Amino acid sequence: MWLTELRQKIEDKTAKLAVIGLGYVGLPVACEFARTGFSVLGVEVQAERAEKINAGICPIEGKEPGLQELVFKTVQNGRLRATREYQDLRLQDVILICVETPVDENNIPQYRALRNALANLGKVLKTGALVIIESTIAPGTMSRVALPILEESSNLRVNRDFFLGACPERVMPGKLLANLRNMSRVVGGFSPETAEVMAALYRHVVEADLDPTDCITAELVKTVENAYRDVQIAFANEVALICESAGGDVWKVRELVNKSPGRSMHMPGAGVGGHCIPKDPWLLAYGVEENGRRPQIIPAARAVNNGMPFHMADLVEQALLEAGLALQDARVLVLGYSYLEDSDDTRNSPSEILVDHLRKKGAEVLIHDPYVPGYQGAVLQKARGCDVAILMVKHQAYRSLDLEELKAVMRTPILVDGRAVFTRQQASRAGFVFRGVGVGKTPGS
Ligand code: SAJ
């Protein structure tokens, strides 16, 4: 009965929505439902962020096309409001939970934010309400963590008094609104009827497929899709290391391998950063380890990818040695501090690891990044007097670098390329000592 009533309110957009956590996942989804006509209440623990949103200001850094306008419009027309009080949730019919689910230094999921959200929500949960977790969680979390906390704190029973599901986010910084509208979503419910009602809800904002299923499938799909990418990147990185030893060029090898049907080798590089790929494989591994199965490839892939910034440091030392210099006497310039090209997002950036490691080994390290405040400015100005230029991110600004001009301002012309911005031939022609990830030194080169 409750679910039928709720479905009707979802169809005619009279259902009262709430989103717990107005970050890069929660804010766009809150705005999108508000844009389509729902009344949306956002719960945000950070006072400053809540105040900014209620003033119609988007608190998310970086370029997010359309988001600032949407925050302003939906707050102004009264459809979106932020609060810090869980009490305000007691009348809400649908509550989305979009809080952070990081892993700690031992790669164990940290669910403090999730547990707090669930426990506080449970205390005020309205009978007949639907709770949907969008955060990325280890397989098994819905049944082992979310369900018991909600039932205990609300004294309600799932599928009788309230409904519960998981709809993992598929956001990507820089494309938050576009991805939300255009990417398919898995809607996992604690009952098939719940999954169908979830699909009816997301159909208001998602233009791509909505795939109803159960919770464990939803948890597995999200963590597997990102573990897949991490393993694929690790394979590319391992082939790059092999090519360096064998005297091959991984980019040529990759081009020809990918001509073979059913092959799609990813890109080797200076490391794997961001908010998803370094974390989600551990959520997957943790979820299945609890059932006694210890994955082998997933941790090994993480180790390969985590090793790439250190490999970059090895390439720097090799190139300095060739030029008769030691790291302790060198001034090096790290080009690119964000984790992704043409982004200002520095979360889990491989450059952070490299900078810390080079400084510990005694090098003087300068940083440039056209998008990251504090590291912006003219590249050639920053490169003046440096011995090594290290390409860590393939920002557009670096692709158009004139190597002759760069050489002219450097003290020693050494170029170490972690993202195949330049070829060995281009660097050598400009007079650089060159090292590139995956670009072996052919005899005599
Ligand atoms: N990277 C490589 N080689 C590759 C691809 C990426 O070294 O072949 C590195 C990047 O430089 C970066 C890191 O991996 O440091 C992550 O890059 P990413 O392109 O995967 O970007 P993310 O972290 O924003 O990943 C998100 C994920 N989307 C969601 O979780 C919804 C991921 O699943 C997507 O595949 C990716 O966006 C995308 O390309 O859309």
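Trainee: Which backbone N or O atom lies 2.7 Å from an oxygen atom of the ligand?

Mentor: That one belongs to Tyr 339. Before going further, keep in mind that this is a predicted model, where local features need pLDDT of at least 70, side-chain atom pairs count only at pLDDT 80 or more, and totals for chains, interfaces and linings use all residues. Residues are numbered from 1 along each chain as its sequence is written, and side-chain values use heavy atoms, with hydrogens and water left out.

A polar side-chain atom of Arg 229 is 2.6 Å from a ligand oxygen, and a side-chain N or O atom of Lys 222 is 2.9 Å from one. For scale, a polar contact here is a pair of N or O atoms within 3.5 Å; within protein, one must be able to donate a hydrogen and the other to accept it, and residues adjacent in sequence count only if both atoms are side-chain atoms. The protein buries 87% of the 740 Å² that the ligand exposes when taken alone (Shrake-Rupley areas, 1.4 Å probe).

Now zoom out to the whole shell. It has 18 residues, each with a heavy atom within 4 Å of the ligand. Asn 226 and Met 267 are among the closest, alongside Lys 222, Arg 229 and Tyr 339. By class, the shell splits into nine nonpolar, five polar and four charged residues. Domain 1 (2-217) and domain 2 (307-436) each supply at least three of the shell residues, with bounds from an automatic or database domain assignment.

Conventions
Ala, Val, Leu, Ile, Met, Phe, Trp, Tyr, Cys and Pro count as nonpolar, Asp, Glu, Lys and Arg as charged, and the others, Gly among them, as polar.
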